[in-house]
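Subject: Structure handover

Hello,

Here is the structure you asked for, with its sequence. Please open it first and keep it in view while you read the notes below.

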Amino acid sequence: MAEVLVYVDHLDGAVRKPTLELLTLARRIGDPVAVHLGPGADTAAPVLAEHGAVRVLTADAAEFADYLVVPKVDALQAAAESVSPAAVLIPSSAEGKEIAARLAVRLGSGIITDAVDLESGDEGPVTRQSVFAAGFTTKSRVTEGVPVITVKPNSAAPESAPAAGTVEQLTVSFGELATGTKVVSRTRREATGRPELTEAAIVVSGGRGVNGAENFAVIENLADALGAAVGASRAAVDAGWYPHSSQVGQTGKSVSPQLYIAAGISGAIQHRAGMQTSKTIVAVNKDAEAPIFDLVDYGIVGDLFEIVPALTEEVRTRKG
Amino acid sequence: MSLRIVVCVKYVPDATGDRRFTEDLTTDREAVDGLLSELDEYAVEQALQIAGDADDAEVTVLTVGPEDANDALRKALSMGADKAVHVEDDDLHGTDALGTSLVLAKAIEKTGYDLVICGMASTDGAMGVIPAMLAERLAVPQVTLLSEVAVADGRVTGRRDGDAATEQLEAALPAVVSVTDQSGEARYPSFKGIMAAKKKPVESLDLDDLGLEAEQVGLEGAWTKVDEAVERPARTAGEIVTDEGEGGKQLAEFLAAQKFI
Ligand SMILES: Cc1cc2nc3c(=O)[nH]c(=O)nc-3n(C[C@H](O)[C@H](O)[C@H](O)COP(=O)(O)OP(=O)(O)OC[C@H]3O[C@@H](n4cnc5c(N)ncnc54)[C@H](O)[C@@H]3O)c2cc1C
Ligand SMILES: Nc1ncnc2c1ncn2[C@@H]1O[C@H](COP(=O)(O)O)[C@@H](O)[C@H]1O
């Protein structure tokens, strides 16, 4: 069976969930070969094997952390040349898309970004995408070269499928462009203790209606009662009430959880672009005409400062 | 020496309109009014600020697109850019990101540049891949997704707010930069700016001028194919209740019935 390269997104060897989803999708079109760059391959390998990686190609070098994007492209190119894969799958993060973009140019391959599903077809992998703020669903495929495909988080449920996961050293020689952009300093984001926004099963978001940074505690309390991630509209982020890393929408994160709760958010097209594919949508808004109500499975017209704390209490009581 | 800045701007269907596909499954550019992609206004703004801080600089705005894309160029010129380049050719219809990046790279080389500035993503295709592709094709550093950018002493520096960390980046010119919508509000064209824009030069180029063949671009030259585009069924109307004091409880009951709690 053909092999499929899967780029591993990880933090010092702690593999992020979207990579496990990619391994699951990769098995539909071939044998997954994971590419792990940077430290922590020993920690990552058993997890990757457990989810179907037949091999784990690994390389560690200071360049991966010290320079932007290109060293990783050099490594993936080396992997693609040694494996001759049926496709290359990369998580659809900001960095993932940039890696994919350059790799496609180098391999002379077509590229598809932000796939939400993937299946095998007569002429190579067929992807499903959600476009125009999730107003349309398209099916596409790559017609030239090795398909380079980036896949959004929450596109598949990771399955356990134990495979050998043999760790092999990948030889990478960095090109001249690799050291072009220096990462002068890096400040890691502090962990919030809540689930990752794009990976969470439940997201609770607040908008302009939350009316102040200090009031976001109302949103956070509900999120914590539900074990959810916290999101925010751009209006709330621009006002400085919540960090940009939590913004949901066209220029923030796009999320597709089982449950999305929007409080004090009107539902502008750019916000919908990032949450419209959520399975169940709930909104609390005091304006009965707010466009968010066109999307909801359940909506309450009313004051979020009454409803959200009451809901939080109720959730806590029911969960005991 | 003058700092030559090229800003890549895209003409896109208005996101608040009813965007659709045409029969050949390309973006329908007739159905909805077009405009300069809002995310590219941020790129124009940063270009103008960088040019303002330099001793001597020239800002060229560049677009690849149909005749109407001229509107996007005019808007950027009225914001304050100095001149424009419009790549327009019937054979470009249906070009994918790889093809677009090829055409842009050729046009940028022909124009001459020290710094290329892009938006973070187009508001229609929203791939966010062109800046990285341009850096690859031009073989210069990519300094992308910046929320803050500055140019001094032949170097570009900036802040990139990534998923896991905030990074401070640095590269030597020439380079390709992209900026996010966190980089600072774009200015509105002034009346004077709008009048001045009418007299600014817009150079028109076709594939021939760039030494490209029709087969390298367009729907035929695309390396991806859209086989199907289906409108997402409108979400079925949900239940909407007005809070009479029991809203929190009612919501909890809904969530319990759906097995979320
Ligand atoms: C290029 C571009 C990109 C963009 N990207 C994004 C993006 O990524 N994400 C994003 O979210 N937006 C984005 N926007 C902005 C978007 O257009 C909207 O301006 C934004 O989503 C509005 O945020 P909001 O719903 O919180 O605020 P508003 O539209 O002001 O809505 C606030 C809502 O809160 C309700 N409310 C007020 N008080 C209460 C209360 N006490 N109880 C209950 N309800 C209350 C009001 O009735 C109102 O409906 C983008 C815009 C552009 C042009
Ligand atoms: N047709 C085009 N003409 C000029 N610039 C473009 C074009 N398409 C994309 N760009 C630039 O590339 C950026 C990213 O676009 P994309 O990769 O299509 O999401 C945009 O913000 C623009 O700066």
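Sorted by class, the shell around ligand 2 consists of 12 nonpolar, 5 polar and 2 charged residues. Please keep in mind that this is a predicted model. Of the 19 residues around ligand 2, the ones that come nearest are Cys8(B), Asp40(B), Val64(B), Ser122(B) and Gly128(B).

Several elements of chain B build this shell. At least two residues each come from β4 (57-64), α3 (97-111), β6 (115-119) and α4 (130-138) of chain B. Which of them gives the most to the shell around ligand 2? That is β4(B), with 3 residues.

A backbone N or O atom of Ser122(B) is 2.8 Å from an oxygen atom of ligand 2, and a backbone N or O atom of Ile130(B) is 2.9 Å from an oxygen atom of ligand 2. For Val9(B), a backbone N or O atom lies 3.4 Å from a nitrogen atom of ligand 2. On its own, ligand 2 has 490 Å² of accessible area, and the protein covers 97% of it.

Next is ligand 1. Its shell has 7 nonpolar, 14 polar and 6 charged residues. There are 27 residues around ligand 1, and those that come nearest are Arg208(A), Ser233(A), Ser266(A), Gln270(A) and Asn285(A). Why is the site of ligand 1 shared between chains? The site is shared because the residues that surround ligand 1 come from chains A and B. The elements show this as well: α7 (234-238), α8 (269-272) and α9 (304-319) of chain A, along with α1 (38-53) of chain B, each supply at least two residues of the shell around ligand 1.

The polar contacts of ligand 1 listed here are with chain A. A polar side-chain atom of Ser233(A) is 2.5 Å from an oxygen atom of ligand 1. A backbone N or O atom of Arg234(A) is 2.9 Å from an oxygen atom of ligand 1. Lys286(A) has a polar backbone atom that lies 3.1 Å from a nitrogen atom of ligand 1. Taken alone, ligand 1 exposes 990 Å², of which the protein buries 82%. The space that ligand 1 takes is the second largest pocket.

Now to chain A as a whole. Its secondary structure comes to 9 helices and 17 strands. The radius of gyration of chain A is 21 Å, close to the 20 Å that the globule rule gives for 320 residues, so chain A is as compact as a globular protein of that length. Along its principal axes, the C-alpha trace of chain A spans about 60 × 45 × 40 Å.

Two backbone details in chain B are left. As background, most residues other than glycine have a negative phi, and most peptide bonds are trans. The peptide bond from Leu173(B) to Pro174(B) is cis, with omega near -5 degrees. Pro174(B) sits in the loop between β9 (165-172) and β10 (175-179) of chain B. Is the phi of Ala139(B) positive or negative? Ala139(B) is not a glycine, yet its phi is positive, at about 55 degrees. You will find Ala139(B) in the loop between α4 and β7 (142-152) of chain B.

Regards

Key
Residues numbered from 1 in each chain as written. Chains lettered and ligands numbered in written order. Predicted model: local features only at pLDDT ≥ 70, side-chain atom pairs only at ≥ 80, totals over all residues. Heavy atoms only, no water. Near = heavy atom within 4 Å. Polar contact = N/O pair within 3.5 Å; in protein donor to acceptor, adjacent residues only side chain to side chain. Areas by Shrake-Rupley, 256 points an atom, 1.4 Å probe, with all protein chains shown as cover. 1 Å grid on protein atoms, 1.4 Å probe; cavity = no way out; pocket = protein on both sides within 12 Å on 5 of 7 lines; lining within 4 Å. Sits in = over half its atoms within 2 Å of the grid points. Helix = DSSP H or I, 4+ residues; strand = E, 2+ residues; numbered from the N terminus. Nonpolar A, V, L, I, M, F, W, Y, C, P; charged D, E, K, R; others polar. Rg over C-alpha atoms; globule rule 2.2 N^0.38 Å.
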